[in-house]
Amino acid sequence: MSNISKSRRVISVVVMNESSVLARVTSLFAGRGYNIESLTVAPIPNTQMSHITIATNGSTKVMEQITKQLHKLIPVYKVIEHEEMVEKEMVLIKFPICESLSDITVLCNAYNGGIANVGKDMIIAMVADEPKRIAHFIEAAQRYNPCEIVRGGVVAIER
Amino acid sequence: MKMSGAQMVCEAIIAEGVKTVFGYPGGAIMHVYDEIYKQNGFEHILNRHEQASVHAADGYSRATGEVGVAMVTSGPGFTNAVTGLATAYMDSTPMVVISGQVPLSLIGTDGFQEVDAVGISRPCTKHNFLVHSIEELPRILKEAFYLARSGRPGPVLVDIPKDITVAMGEFKYPTQVNIPSYKPTYKGNPRQIHKAVEAIKKAKKPLLYLGGGVVLSNAYELVREFAKLTQIPAVETLMARGVMGASNPLLLGMVGMHGNYASNMAMSETDLIISFGARFDDRVTGKLSEFAKYADIIHVDIDPANIAKLVDVDYPIVGDIKDVVSKMLPLLTDIDTDRYKVWRDILSRYDELHPLSYEDSSDVIKPQWAIERLGELLGKDAVISSDVGQHQMWAAQFYPFDRPRQWINSGGLGTMGFGFPAAIGAKKGVSDKVVVNITGDGSILMNVQELVTAAEYKIPVINVILNNHFLGMVRQWQTLFYEERYSETDLSFQPNFKALAEACGGIGYDVTTKAEFDEAIKDAIAQNKVAFVNVQTARFENVLPMVPAGGALFNMMLPPKPKSQEEK
């Protein structure tokens, strides 16, 4: 089994928007020993459904089982194993007001983001980009002494 | 029509054609029990423990093919039912369990007898519902029965808060179900079926591997026809005993950890496995890397998640076995059955070499003898349930099962204490058959309170206790793998089983000789009462053949050869 590479995969799960549906999905992952790297969920506009995006990892065989087991849940309508996708993640970072606002603004711009809020004693920056770029942004932001970092989890759409 | 939630529950049960409900009342489900008192559309059996209620509904379902229904209260009532749900889930039994819940306003407050029933039962039910309003109750009840029996069957829990059982609402029981996210595949893909048939025609050593799915799909006649037409030999899993019929010349026997030599060798040497409704369980495959090394695999299953879960499959077919096999049959009419003759000859030689056997004794009853004798006395006329352990394996090996649904046991979960209540349920379902629970001195005590249930309702289940004063299967492993350290498996201290049965309104027999065994069985049938037949058996008998856990299927510990063979 060890020669089968474990790779990061993103799957979208379209579910009926009913109570405890998220618990069904997450407890399936926990119960069968699958890993969740990140998870986002929101209703799909003008429908009775919700869209769950899960970043996970596993061999091809494990991914196939994850997909099938998800399908088996009664309120699961559709499972998409993303191949060619546009993938975005959001991050909010809080900086102390003493840091240079202009430097932070330039950094955010470089990562397709901007300043979300400036208050009496803090600056909040926001960036939405590919997960890899988000990681780079967080790394670059370290020099401005961030006091809080909140990552949003992945959303993806098939191209 | 306007009615209360409690009434809706009863009306739905009646509308679904359920004749017997098993259950136990309590605070949160009292309104429903009040309606049960008033109606006469179905009978209610009061078990003496909720676990037994669910097993009884399970046994009822397995014997009849109908949906079994059990009813329990909230909190401990529900948690007692969980083992029953998990048992039914592992063996895909269609079942609806209705549980009471604290009123909506109390949910989440740690109310008296409150427990998160849908949370706890999520991994061991096909689906579950917590009812939030009286308006959705009729739809949920309809969906519960539909989900239980459609696709790959399974248990469904409906958790109903107490205030919803009192609330009044409009009741119109839906005739149809529409769940956009649930559309099971019944029809096999014709192209895949064609490819599979071509593979069968090209194979030299094909083997039918039959699982519990054949029973659930009620497809055994088609499967027998398939075997007869193609003359392909067959092995059965524990769950499929009876599918081919014991006298069928194409049946090799049971496959797996305690399968017979010919079956396990067939599985190891076949070049094409044709799997109908089996799921390549670890107790069947043994060491996966050594399993069926030379075989291509055709896997027919209604649940796509079963396909390629453990082994790589060359011809996956998702669909109902009934549909798939009936589409295969016309494509196979021109098959050359002589093609497999050499293969069949090899396998029958294997069976002659190491037949299923045991050394009988004139001093003490051998458990295998007791099962064989039971088979001679009752044969196809009885329904046999079992608990879990050595006796279960001996029953599966030595009883001549003639048809599916004649053999009821907890295969997937392996629940001790299943057999007796399941037998009670089975007897309610098929009252014209003698129902025997083959059990052990360990297992029987796990739901022994059901003596009272069976006596009260005059449900004449015969419990044959193969008594070796041990937790036999664990003891066997301790003998073989733990250097005979018999840690906590010695059951020398026992109740007086005969007296115990009699104390609860049944009848008891102590059996130490073969003659007494015959007498006891015959008398128990004649007495038509719940019975304990306490059979003293050889203490240190092992279940053989045996594939040690994690070992390759072809590496079996074999039983001693019968005397008559050794002389040859």
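In the predicted model, 13 residues of chain B are in contact with 16 residues of chain A.

Chain A contains four helices and eight strands, which follow one another along the sequence in the pattern β-α-β-β-α-β-β-α-β-β-α-β. The C-alpha trace of chain A extends over about 55 × 45 × 30 Å along its principal axes. Chain A consists of 159 residues, of which 23% count as buried. Among contacts in chain A with a separation of 6 or more, 71% are made by residues 24 or more positions apart.

The largest nonpolar core holds 193 residues, and the members that touch the most others are B:V96, B:V223 and B:V533. Helix α4 (residues 76–90) of chain B supplies the largest share of this core, with seven residues. A second, separate core consists of twelve residues, among them A:V91, A:I93, A:I123 and A:A141. When residues up to four places away in sequence are not counted, B:V533 touches B:I462, B:N463, B:V464 and B:I465, together with B:Y509, B:V511, B:A520, B:I521 and B:A524.

Two further positions in chain B were considered individually. Residue B:A86 lies in helix α4 of chain B. Because 20 other C-beta atoms are found within 10 Å, B:A86 is buried; the criterion for this class is 20 or more. Apart from neighbours within four places in sequence, B:A86 is in contact with B:C124 and B:L413. The C-alpha atom of B:A86 is separated by 44 Å from that of B:R339, a residue 253 residues apart from B:A86 along the chain. Residue B:Y209 is located in strand β9 (residues 206–210) of chain B. B:Y209 counts as buried because it has 27 C-beta neighbours inside 10 Å. With neighbours within four places in sequence set aside, the contacts of B:Y209 are B:V235, B:V255, B:I273, B:I274, B:S275 and B:A278. Between the C-alpha atoms of B:Y209 and B:D510, which are 301 residues apart along the chain, the separation is 40 Å.

The axes of helix α1 (residues 5–15) and helix α6 (residues 137–149) of chain B come within 10 Å and cross at roughly 30 degrees. Because this angle falls under 35 degrees, α1(B) is classed as roughly parallel to α6(B). The two helices, α1(B) and α6(B), form a right-handed crossing. In this contact, B:G5, B:M8, B:V9 and B:A12 of α1(B) meet B:L137, B:P138 and B:L141 of α6(B). The contact of α1(B) with α6(B) includes six nonpolar residues, one polar residue and no charged residues.

For helix α8 (residues 190–202) and helix α13 (residues 321–328) of chain B, the axes come within 10 Å and cross at roughly 55 degrees. The arrangement of α8(B) relative to α13(B) is therefore oblique, and the crossing of these helices is right-handed. The contact brings B:P190, B:I193 and B:V197 in α8(B) against B:V324, B:K327 and B:M328 in α13(B). By class, the residues of the contact of α8(B) with α13(B) are five nonpolar, no polar and one charged. Within α13(B), the residues B:I321, B:D323, B:V324, B:V325 and B:M328 are buried. The elements of chain B that cover these buried residues of α13(B) include the helices α8, α9 (212–216) and α10 (220–230), as well as the strands β12 (272–276), β13 (296–301) and β14 (315–318).

Residues B:P367, B:Q368, B:I371, B:E372 and B:G375 of α15(B) meet B:Q390, B:H391, B:W394, B:A395 and B:F398 of α16(B). The contact of α15(B) with α16(B) has five nonpolar, four polar and one charged residue.

Terms used. Residues numbered from 1 in each chain as written. Chains lettered and ligands numbered in written order. Predicted model: local features only at pLDDT ≥ 70, side-chain atom pairs only at ≥ 80, totals over all residues. Core = buried A, V, L, I, M, F, W, Y, C linked by C-beta atoms within 7 Å. Contact = placed C-beta atoms within 7 Å. Axes fitted to C-alpha atoms, helices over the stretch in contact; angles between N-to-C directions. Parallel < 35°, antiparallel > 145°, perpendicular 65-115°, else oblique. Left-handed = near helix turned anticlockwise from the far one by under 90°. Nonpolar A, V, L, I, M, F, W, Y, C, P; charged D, E, K, R; others polar.
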